[in-house]
Amino acid sequence: MSSASASRTTENELVNALSIDIEDYFQVSALAKQFPRARWDELPCRVEGNVDRILGMLHEYGAKATFFTLGWIAERYPKLVRLIVMEGHELASHGYQHERASDQTPQAFGADVALAKAVLEDIAGVEVRGYRAPSFSIGAQNLWAHDVLRENGYAYSSSVYPIAHDHYGMPDAPRFPWKLSNGLLEIPITTVRWMGRNWPAGGGGYFRLLPYALSRWSIRRVNRADGRPSVFYFHPWEIDPGQPRVKDASARARFRHYVNLEHMEARLERLLGDFRWGRMDDIFLSQN
């Protein structure tokens with residue numbers, strides 16, 4: 001056992017769900033105007049090296065995770081997709097080309113999630129059961145997306161974030177996994193209930209912006225007070241402070257994307273050491 005693995009706290013026996021959204025720095029919604037899809041093949045990809053580092057970290061700490069992977073990435077880096085599966089992690093879908101579900105018609109959304117599932121399964125040789133919408137873009141206005149996912153063979157979605165946010169969110173949605181009438185399980189990102197509202201506690205930009213101690217407190221509160229596993233997420237580009245920078249995006253977009261990138265990897269190592277982490281399917285599908 002590595003020294004890192006040995007240092008993991010044993011005070012909390014709950015296994016939390018770790019998830020990684022596999023997309024590159026030029027595919028994020030906040031920078032869509034600076035990196036249109038027509039240019040993606042011209043841009044230097046950094047996702048392969050970043051995912052390699054993440055896999056190394058997970059191996060060191062004895063953690064498992066779910067990798068919500070873009071079909072676009074999988075087609076260009078099939079060896080990386082196979083390595084994720086070989087290392088014992090869950091392969092799941094992030095759609096094919098990182099288009100928000102809320103920006104698509106049901107027909108276009110269905111074609112996107114079907115293509116992504118087919119691409120991933122063909123490359124990896126495993127069943128893909130989970131899906132996460134780019135930018136958590138399933139909400140009150142497009143709940144039809146759950147039916148489309150079920151029709152295309154998905155068992156669960158992790159696409160609803162029960163918070164108020166300017167780009168996504170469904171604050172009135174359940175805080176914990178809920179099953180729809182069609183059988184699909186929706187697994188929301190973790191929030192903490194405080195002062196009558198839900199507060200983000202599951203990673204992303206909040207994890208980079210706010211002190212690490214707040215994230216640790218939030219996850220422990222959900223584990224202890226609610227008795228539930230937490231669902232945490234991040235992106236490979238978040239451990240890559242050397243990525244190409246854009247200057248013509250809005251100040252808000254640049255702040256959200258670049259804040260504390262240089263500290264992210266160290267914070268993730270603390271997170272991996274402080275809690276136990278597993279795959280979404282192992283934690284949630286076995287209970288339903």
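1. Basis. This is a predicted model, in which local features need pLDDT of at least 70 and side-chain atom pairs count only at pLDDT 80 or more, while totals for chains, interfaces and linings use all residues. Residues are numbered from 1 along each chain as its sequence is written, and side-chain values use heavy atoms, with hydrogens and water left out. Helices (H or I, at least four residues) and strands (E, at least two) are DSSP runs, numbered from the N terminus.

2. Strand β1 and its partners. Strand β1 (residues 15-22) runs parallel to β10 and is joined to β10 by four bridges; two strands are taken to pair if DSSP finds at least two bridges between them. Alanine 17 has valine 231 as its bridge partner in β10. Four bridges also join β1 to β2, and these strands run parallel, with phenylalanine 68 of β2 as the bridge partner of aspartate 21.

3. Leucine 91. This residue sits in strand β3 (residues 90-93) and, with a relative accessible area of 3%, leucine 91 is buried. Leaving aside neighbours within four places in sequence, leucine 91 is in contact with Phe67, Thr69, Val81, Val85, Leu120, Ala124, Val126 and Val128; contact means heavy atoms within 4.5 Å.

4. Helices α2 and α4. Two packed helices are described by the angle between their axes and the distance between the axes. The axes of helix α2 (residues 47-61) and helix α4 (residues 78-86) come within 11 Å and cross at roughly 10°; axes are lines fitted to C-alpha atoms, for helices over the stretch in contact, and angles run from 0 to 180 degrees between N-to-C directions. The two helices are therefore roughly parallel to each other, given that angles under 35 degrees count as roughly parallel, over 145 as roughly antiparallel, 65 to 115 as roughly perpendicular and the rest as oblique. Val47, Glu48, Val51, Asp52 and Leu55 of α2 make the contact with Leu80, Leu83 and Ile84 of α4. By class, this contact has six nonpolar, no polar and two charged residues (Ala, Val, Leu, Ile, Met, Phe, Trp, Tyr, Cys and Pro count as nonpolar, Asp, Glu, Lys and Arg as charged, and the others, Gly among them, as polar).

5. Serine 158. The loop between β5 (156-157) and β6 (178-179) holds serine 158, which counts as buried at 0% relative accessibility. The side chains of serine 158 and arginine 132 are joined by a polar contact of 2.9 Å, that is, a pair of N or O atoms within 3.5 Å, where within protein one must be able to donate a hydrogen and the other to accept it, and residues adjacent in sequence count only if both atoms are side-chain atoms. The C-alpha atoms of these two residues, 26 residues apart along the chain, are separated by 4.9 Å. A polar atom of the side chain of serine 158 also lies 2.8 Å from the backbone oxygen of isoleucine 187.

6. Hairpin of β8 and β9. Strand β8 (residues 191-194) and strand β9 (residues 197-200) run antiparallel and are joined by four bridges, with arginine 193 opposite asparagine 198 in β9. The hairpin has two residues between the strands, and methionine 195 takes a positive phi near 55° there.

7. Positive phi in loops. Serine 135, which is not a glycine, has a positive phi of about 60° and is found in the loop between β4 (130-131) and α6 (144-151). Asparagine 260 has a phi near 60° and lies in the loop between α9 (251-258) and α10 (261-274).

Technical notes. Buried means under 20% relative accessible area, exposed over 50%, partly exposed in between (1.4 Å probe, protein chains only).
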